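Hello,

Here is the structure I promised to pass on. Please open it first, then read my notes below.

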Amino acid sequence: KMTQQMRDLQLAQARKPPGPSSPNAAKRLYRNLSGKFRVNYTSFDEGSLAGRGEKEKLRKSYLFHGNAALFEAVELQDLDRVQELLKQYSPEELDLNTPNSEGLLPLDISIMTNNAPIARALLQAGAKESPHFVSLESRSLHLSTLVREAEQRVNELTAQVVNEAPNTDCSEKEKQLKAWEWRYRLYKRMKAGFEHARVPDAPANVHLSVASSSSVQVTFWEPLSVNSAVVTKYKVEWSCSPTFSPPLGEAVIDKLKNLHFTIRGLVSGTAYYVQVSAYNMKGWGPPQASVPPFAIPSNWREYDGRAPRRRGQAEALDHLLGQVKTVHQHCICHEPCKNQPQSRKHSVSKSLKHLFHPGSKFLKTLKRGLYLTAIFYKDDNILVTHEDQIPVVEIDDTYSCLLMQDFLWFTKVSCMWDEILWLRQCVTASQSSCSCILQTRFKMLLAISQMQGLLGIQDLGQVFFEPVKDKQGNILIVTLKEVKTNQTFESVRWVPICKLQTSRKSVSSPEEPTALDTLLISVQDKLAYHQRSSHALSPGLYLGYLKLCSAVDQIRVLVPEQLPNILCHVKIRSNPNISREEWEWLQKMASVEEPVPAEPEAETTQNHLFQELQVAIKELMTLVNIPLQEAKDFRLYSQEVLDFGGQVSFLLLLPPSDDVCTAPGQNNPYTPCSGFLTLPLQIFELGEEG
């Protein structure tokens with residue numbers, strides 16, 4: 001309230017300029033007026049913004065109120081109100097970086113009153129310091145002027161209140177006096193804050209790492225000392241000389257949400273020194289050299305000149321598939337393909353309208369055999385037929401024992417949903433009559449085509465990692481797909497999963513449920529698996545634990561239930577790159593016969609990696625529930641760094657060579673008890689590729 005009265009008084013002072021010369025100047029002036037003027041701001045807009053709608057004028061009035069409220073909240077040091085306004089309005093709507101009539105910005109007021117929490121909140125929102133303060137002298141002079149004018153006004157009002165008889169005008173002047181006294185104290189506090197402040201200390205924990213063959217990354221913390229003013233920006237400098245003479249470049253960081261910077265365009269194999277300094281209203285503080293003091297842009301592949309493992313693989317596979325298609329394009333079995341009608345390529349919405357017509361071949365019950373079921377879900381709803389059944393088609397009614405090789409072949413086919421017609425025509429019934437395996441796989445292709453045709457959707461989703469079986473000899477291969485678009489359908493409906501589970505009438509006993517009943521009971525678990533298996537890791541370097549177990553017809557890999565498309569892992573650091581020097585040290589460590597190699601020299605990238613690995617190994621052993629003393633014979637895989645798209649990389653921790661893969665019946669001391677599952681290796685590879 002005092003602030004409002006003070007701003008009202010400024011308009012009445014005869015010695016002030018007669019009026020603003022621009023709309024922006026008007027906004028700066030009026031945002032400092034009293035509550036009465038703020039209420040009438042809409043009327044002010046009607047004169048200057050003729051022709052605009054009432055809605056637009058009202059919106060601008062709200063924004064005007066928000067800007068004025070932000071200044072008041074900062075002056076009153078009301079952190080909650082500041083955070084509320086920053087959340088409610090954008091920086092542009094608040095005019096966050098437009099000075100008020102005193103030439104101050106919200107950030108100026110917060111840092112000169114040394115209110116660090118409000119200053120940090122404003123900095124996170126993109127606030128800047130006033131450009132009017134080009135030097136320490138100009139800031140000091142400006143504050144002295146504000147204090148002197150406020151003191152003069154207080155003295156004038158005090159004399160008027162003392163000398164005038166009590167009346168309405170006198171009461172109003174008393175209010176004005178209180179407002180000016182409050183503002184006088186504010187300016188004095190700002191001036192004292194500026195005079196007692198000193199340049200900031202050096203940033204803390206300045207760490208330098210190699211980001212690639214042509215870049216390095218520096219990360220740092222705020223200065224640890226809290227005795228100086230709030231830091232508003234940082235400067236990163238780099239040079240090939242430890243004395244930084246000559247400097248090669250510098251960058252100023254004024255967006256303080258993440259305190260890191262990547263220096264790009266560097267020369268591989270050249271040492272670069274980096275230092276960071278902090279800035280506040282008193283100027284730049286001393287620079288802090290990084291640890292290690294220099295870094296050499298490089299990548300682990302430069303150690304032996306190794307090319308990326310997957311380079312050209314996708315192109316080679318596409319070329320190979322093209323060659324196969326070319327060889328078969330004149331085959332007699334492909335003649336019908338040329339005249340294949342295009343009606344199969346229905347849109348999703350059109351085809352789903354005709355889903356499960358009375359003449360369709362979706363099954364209601366199972367009669368001992370191999371079947372395909374497709375689960376489409378959206379949020380907590382699942383797509384069902386008119387009979388409230390999950391879509392099921394028959395693959396083979398004489399097949400009661402699904403071989404793992406056939407199932408894994410089916411999972412590979414799921415990577416080519418749009419090529420099913422072509423695959424089916426390559427394996428015709430006449431060709432498949434010579435082999436039971438080919439007959440089964442041909443029937444799988446027929447069932448997929450039937451499901452695609454009835455649904456009108458080619459992509460049936462991801463294959464669940466194991467079929468659903470029952471004691472009656474039924475086997476269900478399950479595909480899962482999430483529908484993220486909002487669609488409405490006439491002939492089908494989305495049914496809540498819980499409603500489907502409670503309304504379905506089971507035809508089996510609880511002791512021996514059918515495969516369909518088992519599927520329905522466990523459908524939430526399968527959907528959760530499907531969603532978790534599509535999660536991606538954040539960029540960084542990870543330590544993975546490779547543990548396999550073998551059976552008669554497959555090898556399975558240990559994965560966490562919460563992220564089944566990735567090995568058991570912990571994060572080592574946010575930088576995914578392994579430098580040449582780090583990789584060279586890892587090679588030496590792998591060749592040492594002693595169980596504990598010598599620790600690398602301090603203040604080197606190798607030493608930092610050594611410390612990070614120690615922490616990561618302890619954390620990983622705790623995660624997989626293996627006592628640390630039992631891991632003394634574990635090894636780091638030193639043949640390569642597993643690279644996933646340039647943003648995620650893995651180092652592998654392996655059990656002793658005899659225990660990497662556990663044979664059937666073998667006691668396995670290195671497998672955790674709970675929170676993990678084992679996937680067929682081929683299924684895991686497909687999930688990792690996705």
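**What I found**

Of the 690 residues in the protein chain, 46% are buried. Buried means under 20% relative accessible area; exposed means over 50%, and partly exposed lies in between (1.4 Å probe, protein chains only). This is a predicted model, where local features need pLDDT of at least 70 and side-chain atom pairs count only at pLDDT 80 or more, while totals for chains, interfaces and linings use all residues. Residues are numbered from 1 along each chain as its sequence is written, and side-chain values use heavy atoms, with hydrogens and water left out.

The protein chain has 24 helices and 24 strands. Both are DSSP runs, numbered from the N terminus: helices are H or I with at least four residues, strands E with at least two. Take contacts between residues at least 6 apart in sequence: 73% of them join residues at least 24 apart. Contact means heavy atoms within 4.5 Å.

**A hairpin**

Look at strand β1 (residues 204-212) and strand β2 (residues 215-221). They pair in the antiparallel sense, over six bridges. Strands pair if DSSP finds at least two bridges between them. Two residues sit between β1 and β2 in this hairpin. Ala204 stands opposite Trp221 in β2.

**Two helices**

Next, find helix α15 (residues 404-413) and helix α18 (residues 436-455). They pack at an angle of about 40°, and their axes are 11 Å apart. Axes are lines fitted to C-alpha atoms, for helices over the stretch in contact; angles run from 0 to 180 degrees between N-to-C directions. From α15, the contact uses Gln405, Asp406, Trp409, Phe410 and Val413. From α18, the residues include Ile437, Arg441 and Leu445. The contact residues of α15 with α18 divide into seven nonpolar, two polar and two charged. Here Ala, Val, Leu, Ile, Met, Phe, Trp, Tyr, Cys and Pro count as nonpolar, Asp, Glu, Lys and Arg as charged, and the others, Gly among them, as polar.

**Aromatic rings**

Rings of Phe, Tyr and Trp (its six-membered ring) pair if their centres lie within 6.5 Å; planes under 30 degrees apart are stacked, over 60 edge-to-face, and the rest tilted. By this rule there are 13 aromatic pairs. Phe464 and Phe465 have ring centres 4.6 Å apart and planes at 45°, so this pair is tilted. Both Phe464 and Phe465 are buried. Ring pairs link Phe464, Phe465 and Tyr529 into a cluster.

Best wishes
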